[in-house]
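Subject: Handover of a structure and summary of findings

Dear colleague,

Please find the structure below.

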Amino acid sequence: MSVFTLAQGAKEAVLLPELVALTERHRRACLPYRRILDAIGAVGPYGRVADLPWLPVRLFKTHELRSVPESAVFRVLTSSGTTGQRPSRVYLDREAAAAQPRMLAATLRAVLGGRRLPMLIVDSRSVVRDPTLSARGAGVLGMMNFGRDHAFVLDEGGGLDAEAVRGFLARHGGAPYLIFGFTFMAWSHLRELGLDLSQGVLIHSGGWKRLAEQAVDNATFRRRLGEECGLRRIHDFYGMVEQIGTVFLEGPDGGGLYCPDFADVVIRDPETWQEAPVGVPGLIEVVSTLPTSYPGHVLLTEDLGVVHGVDDGVWPGKRFSVLGRLPKAEARGCSDTAAWAAA
Amino acid sequence: MAVGTLVGQVREGEPLAVGDERIRGFIAEFGRRLLSPELARRHPELASLGFFLRPSELARILDGPRGDHLRAPRGLVFHVPPANVDTVFVYSWALSALMGNRNVVRLSPRAGAVAATITRTLQESLADADPVVAATQRIVTYDRSDAVTAALSAACDLRVIWGGDATVDEIRRHPLAPHARDLTFPDRTSFAVLRAAAWLSASAATRGAVADGFANDAYWFDQAACSSPRTVYWVGSPADCDTARDGFTACLARAVAQRGWSVDAAMAVEKRVATYGLAADGRASAIDFHGNALASVTLAGPEAAPRRWLGTGTFAHARIEGLGELAGLVERRDQTMTHFGFVPAELELLAGALGGRGVDRMVPIGSALSFHRVWDGVELTTEFTRLVTVIA
């Protein structure tokens, strides 16, 4: 069953009571969260999803936020922080840990179908073997669950392993298969192969910063991979460890990212903090009903985005794009900024 | 140019005296140029710098204590100013030069537009000055190079390190000559204290002026200057303090809006992260935003005062019973206490109770950023000279 079914009005009606209940659940169970809501005077009632109090996502780097007792913590997920920053820590109990891969699978089923496909990974096997697993390694490892008969496009030294890819295509190239890689890896390496990948379904993520530096936008990315590799089924996705299991998935036509039925985005004007109208960029707030063991159900990201349209695309609901990352706040002052960041 | 050649050139040539006329003339001329309407319009902070360097002020600085001692320059002074306060290096260098020292200033390649303007103005002024000035006063820019820092450290008679704890620790790895010493300016934080009753009985004009001065103190360097106030202590009864704090915040919001101080989206998010974090820790009982430019935090108690930077325009308020309570709250790194509503005797009493354990400056609200030759508890002109005892 697809998780891209609800039109915006119906989604709002489903999500609001669930998110309100989560807000109250976390308020009861997570003392730091309760203190924040008390300090900002967030009491409800909440008439719309956009009225719910949000947490800045960076708080998961600076604070331990969980709504289950320590003894019930089943897994602690960490993000790799940028240099000098502490990583995010996300606390999952058994139930939340079980829900997240299930909902991720349900989301990806919309483009991969119900069966586990052979999988080509645009990376090197060494990224998943490194004992200090990088964010990239963790991402690859997480996605590997969705495929079988894995082959890696790069050899252990990071060089192109065309032989391995040819072998994979000889075995699986006649029917649909999954290709996964970080956006800049897919761009850098798939075109180099010079092989026909027309049966592949490319799922990619990780952001556009490095490609933007080369003036490669999503349209160019899709067109060139289509022309040079025969890839027609390409899906970007947007997600973060602080809302593990929730991904916003690009529709088949490349017209934007869509929200699964259990999640949504609110684009906020960073001056008024009100929801920005369609077409007006702002900060992306992500909401999801998956975070039950930590107060991550309504998060303000530091990413900029824009809603292109509502209920006007290939799937129902909001259709949006991520435009980039907010720069780090900088100040003048007597001391060197690096020292404050560490403080 | 090799660093050895530079040091040689700076050391060469005629001796300089404390208050050397050639240097005084040069500094006054440089200050005059900084006061030009065109520069002051683009970079208003240059005007206060130019004002500090005017001839009458220079004369006052030189008019220090005299007696059985002659003041002599220390020799070669190596200055390491912070990367992101563009004007600090001038105060440090100018006072040192005025005291007859030869100076090498390490200007960070990350220094901003204001520093570039200052350097250009300095070069223009040098062209008209006595050649001894150009030879003995040098600004160098190099990216973190241990070799250059080590050579300048070994060669200098006094090393002046601004820029915080990390910079001080890093530069200190390089040994000085046995007779030489460091003058360090580590990380400092500052606060304001107001008597609630005085605020409540003040005229609207006074309140406006205090709020405006406070905004200047805080917003000029993104509230990140060592002397910018972060915590605001209110002295008085709970009811008075609550009323005064709300009135003060409203006045401050108006002053900030009038001055056009604003913060960008990244800073707005930074402030949310910082203030929500205080609440999560149980240190803030209320957070109020007046637009993105002004955030007002009510602390759970005065001991919860945060020292770290919370983003531009974030003020943590706490109530205390009396000024003397600060004696138990102040830390070594507290530098400037800006105040309103206290008489000198009360301030002196507090200073006595603190006994040098913190707070090096008590100045009225609005004067936090006014540089003085006495800074961070030391008199710079004294630090920049040696005393020669002459008893006939």
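Two strands are said to pair if DSSP finds at least two bridges between them. Helices (H or I, at least four residues) and strands (E, at least two) are DSSP runs, numbered from the N terminus. This is a predicted model, in which local features need pLDDT of at least 70, side-chain atom pairs count only at pLDDT 80 or more, and totals for chains, interfaces and linings use all residues. Residues are numbered from 1 along each chain as its sequence is written, and chains are lettered from A and ligands numbered from 1 in the order in which they are written.

Chain B as a whole

Chain B has 16 helices and 16 strands. Its C-alpha trace spans about 65 × 50 × 40 Å along the principal axes. For 392 residues, a compact globule would have a radius of gyration near 21 Å, and the 22 Å of chain B agrees with this; the radius is taken over C-alpha atoms, and the globule rule is 2.2 Å times the number of residues to the power 0.38.

Chain B is divided into domain 1 (3–185 + 376–389) and domain 2 (189–364), with bounds that come from an automatic or database domain assignment. The centres of the two domains, taken over C-alpha atoms, are separated by 33 Å.

The five-stranded sheet of chain B

An open sheet of five strands in chain B has the order 4-3-2-5-6, with parallel pairing. Strand 4 (137–140) and strand 6 (181–184) of chain B are at the edges, each with a single partner strand, so one side of each has no neighbour in the sheet. From one strand to the next the twist averages 15°; axes are lines fitted to C-alpha atoms, for helices over the stretch in contact, and angles run from 0 to 180 degrees between N-to-C directions. Strand 2 (residues 76–80) and strand 3 (residues 102–106) of chain B run parallel and are joined by four bridges, and B:Val77 stands opposite B:Asn103 in strand 3.

Helix 10 (residues 165–172) of chain B packs on this sheet and touches strand 2, strand 5 (158–161) and strand 6 of chain B. Contact here requires C-beta atoms, placed from the backbone, to lie within 7 Å. The direction of helix 10 makes about 150° with that of strand 5 of chain B.

The seven-stranded sheet of chain B

A second open sheet in chain B has seven strands in the order 9-10-11-8-7-12-13, with mixed pairing. Its edge strands are strand 9 (284–290) and strand 13 (361–364) of chain B, each of which pairs on one side only. Strand 7 (residues 189–195) and strand 8 (residues 229–235) of chain B pair in the parallel sense over six bridges, and B:Pro229 in strand 8 is the bridge partner of B:Ser190. Helix 14 (residues 265–280) of chain B lies across strand 9, strand 10 (294–299) and strand 11 (314–320), running at about 160° to strand 9 of chain B.

Contact between the chains

The contact takes 30 residues from chain A and 39 residues from chain B. On the side of chain A that touches chain B, helix 2 (31–40) of chain A gives the most, with five residues.

Yours sincerely

Terms used: Contact = placed C-beta atoms within 7 Å.
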